[in-house]
Amino acid sequence: MNKGISSIPINLRVYSPHVLNLTLIDLPGITKVPVGDQPPDIEYQIREMIMQFITRENCLILAVTPANTDLANSDALKLAKEVDPQGLRTIGVITKLDLMDEGTDARDVLENKLLPLRRGYVGVVNRSQKDIDGKKDIKAAMLAERKFFLSHPAYRHIADRMGTPHLQKVLNQQLTNHIRDTLPNFRNKLQGQLLSIEHEVEAYKNFKPEDPTRKTKALLQMVQQFAVDFEKRIEGSGDQVDTLELSGGAKINRIFHERFPFEIVKMEFNEKELRREISYAIKNIHGIRTGLFTPDMAFEAIVKKQIVKLKGPSLKSVDLVIQELINTVKKCTKKLANFPRLCEETERIVANHIREREGKTKDQVLLLIDIQVSYINTNHEDFIGFANAQQRSSQVHKKTTVGNQVIRKGWLTISNIGIMKGGSKGYWFVLTAESLSWYKDDEEKEKKYMLPLDNLKVRDVEKSFMSSKHIFALFNTEQRILFYCLIH
């Protein structure tokens with residue numbers, strides 16, 4: 001009674017051999033000021049209702065604007081522009097062409113010049129309220145409309161594209177084309193919904209309502225499926241592979257091979273502090289005596305202290321594996337979501353079992369570390385004694401010395417620019433026994449490139465009679481010269 005609005009549609013079906021097959025949704029016009037006892041936010045309500053319909057991508061927008069108002073102020077075109085900025089699904093309709101002031105016309109609008117739309121404009125002349133009250137029928141109104149366009153000098157040349165019959169044909173054709181364009185997306189959407197429903201139906205394929213033992217069978221099947229899914233996630237399987245993140249067995253594998261070594265490397269190790277501890281241990285074990293050799297007890301005390309530090313990273317790795325197992329259990333119980341109690345109980349029972357094994361696992365890890373602490377086998381082939389340590393140290397020192405030995409330095413012009421980036425201009429080079437590096441300048445701060453010299457040798461090249469530049473060549477063991485280097 002208060003002239004309010006409702007988003008619930010009033011459906012009206014018109015059956016006639018003289019009308020085209022169209023579905024129209026007639027939306028209310030924008031009300032700026034509440035009339036009577038209309039709600040104060042009536043404009044907002046109408047706008048929200050209109051938006052519910054015209055934001056749909058499969059909807060064509062029929063923007064109706066009276067010709068005796070400024071087209072730039074059209075509410076219909078303004079709303080259509082918001083949801084369809086390209087004008088791909090908006091059709092303009094200009095009404096009340098017969099009520100325009102004398103000397104004015106809507107020719108530029110109807111010719112799609114003023115505010116262009118992809119689908120253009122159609123002008124119509126409807127019955128006036130007087131015609132309706134006078135029982136003027138539709139046929140007579142269409143004849144009068146046709147006569148108006150044919151007789152009007154501004155619309156005579158486009159009369160065939162104006163009028164209600166033409167609007168009917170345009171709407172029918174545009175709707176047909178629009179359906180043809182949007183049909184593939186509808187088909188894909190329906191296929192996606194079909195696959196989703198088939199996947200859901202798969203869970204009930206063995207459900208037999210008449211079987212008295214169906215509950216027990218269904219329970220066993222779901223529990224067995226949970227066990228299979230859990231095993232596949234841990235052992236790895238192609239039919240349930242996760243492409244978004246690491247999970248299950250892959251995550252546990254990463255914990256063992258990446259996280260655990262990282263935690264070991266991250267352990268606090270202060271070489272100065274360690275040397276101080278070794279010194280105190282040796283002195284305390286010797287007591288009042290002046291020792292000649294390093295006592296075994298000092299070695300064992302220091303080594304055992306370092307081995308015990310492994311307990312922290314080891315226990316942390318166990319915690320990470322336990323957490324991943326529990327996460328895997330939760331992912332596997334998603335298929336039991338239709339049975340909340342079964343899902344909850346399954347998670348609880350399996351998680352409790354994992355927690356029980358957690359304690360035993362940690363005890364076993366600590367036992368393994370204690371075993372390593374209890375006896376240090378210095379006869380093992382991997383143990384580096386004093387002699388081996390001295391030999392390795394000398395080898396490393398020798399290799400480092402040779403590797404860092406600078407053979408030549410100077411400004412270099414690189415001839416083989418196809419392989420080495422940098423062009424043919426001069427760079428400051430440093431030639432060592434292992435590599436040839438060149439820098440931007442002789443400060444050797446900005447390195448441009450480094451060429452490893454594996455299995456390569458260097459020798460001077462005889463310069464020509466007219467050349468004043470020193471040249472040396474890099475060649476392999478087959479005496480095949482690979483690069484010429486010119487020194488400025």
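Residues are numbered from 1 along each chain as its sequence is written. Because the model is predicted, local features need pLDDT of at least 70 and side-chain atom pairs count only at pLDDT 80 or more, while totals for chains, interfaces and linings use all residues, and side-chain values use heavy atoms, with hydrogens and water left out.

Helices (H or I, at least four residues) and strands (E, at least two) are DSSP runs, numbered from the N terminus. In the table, buried means under 20% relative accessible area, exposed means over 50%, and partly exposed is in between, with a 1.4 Å probe and protein chains only.

| Residue | Relative accessible area and class |
|---|---|
| Gln-174 | 15%, buried |
| Leu-12 | 73%, exposed |
| Lys-266 | 48%, partly exposed |
| Pro-34 | 34%, partly exposed |
| Thr-95 | 10%, buried |

**Buried residues in a helix and a strand**

Gln-174 belongs to helix H6, which spans residues 164-202. Gln-174 counts as buried because its relative accessible area is 15%. Its contacts (heavy atoms within 4.5 Å), leaving aside neighbours within four places in sequence, are with Leu-60, Ile-91 and Arg-119. With Arg-119 there is also a polar contact between the two side chains, at 2.5 Å. A polar contact is a pair of N or O atoms within 3.5 Å; within protein, one must be able to donate a hydrogen and the other to accept it, and residues adjacent in sequence count only if both atoms are side-chain atoms.

Thr-95 is in strand S2, residues 90-95. Leaving aside neighbours within four places in sequence, Thr-95 is in contact with Val-64, Thr-65, Pro-66, Ala-67, Val-124 and Asn-126.

Leu-12 is located in the segment before helix H1 (42-54). Together with Val-14 and Val-19, Leu-12 makes a nonpolar surface patch of about 320 Å². Patches are made of residues with over 30% relative accessible area and no salt bridge, with like charges joined within 9 Å and nonpolar side chains (Val, Leu, Ile, Met, Phe, Trp, Tyr) within 5 Å. A salt bridge is a side-chain nitrogen of Lys or Arg within 4 Å of a carboxyl oxygen of Asp or Glu. Accessible areas come from the Shrake-Rupley method with a 1.4 Å probe; for residues, only the protein chains shown count as cover.

Pro-34 also lies in the segment before H1. Not counting residues up to four places away in sequence, Pro-34 touches Pro-39, Pro-40 and Ile-42. Between Pro-34 and Lys-3, 31 residues apart along the chain, the C-alpha separation is 9.3 Å.

Lys-266 is part of helix H8, residues 249-266. From Lys-266 to Pro-313 the distance is 9.3 Å, C-alpha to C-alpha, and the two are 47 residues apart in sequence.

Strand S6 (residues 435-439) is mostly covered, with 5 of its 5 residues buried. One side carries Ser-435, Ser-437 and Tyr-439, the other Leu-436 and Trp-438, and all are buried.

Two strands pair if DSSP finds at least two bridges between them. S6 pairs with strand S5 (residues 426-432) in the antiparallel sense over 4 bridges. The two strands form a hairpin with 2 residues between them, and Leu-431 stands opposite Leu-436 in S6. S6 is also joined by 5 bridges to strand S7 (residues 447-452), again running antiparallel. Here Ser-437 has Met-450 in S7 as its bridge partner.
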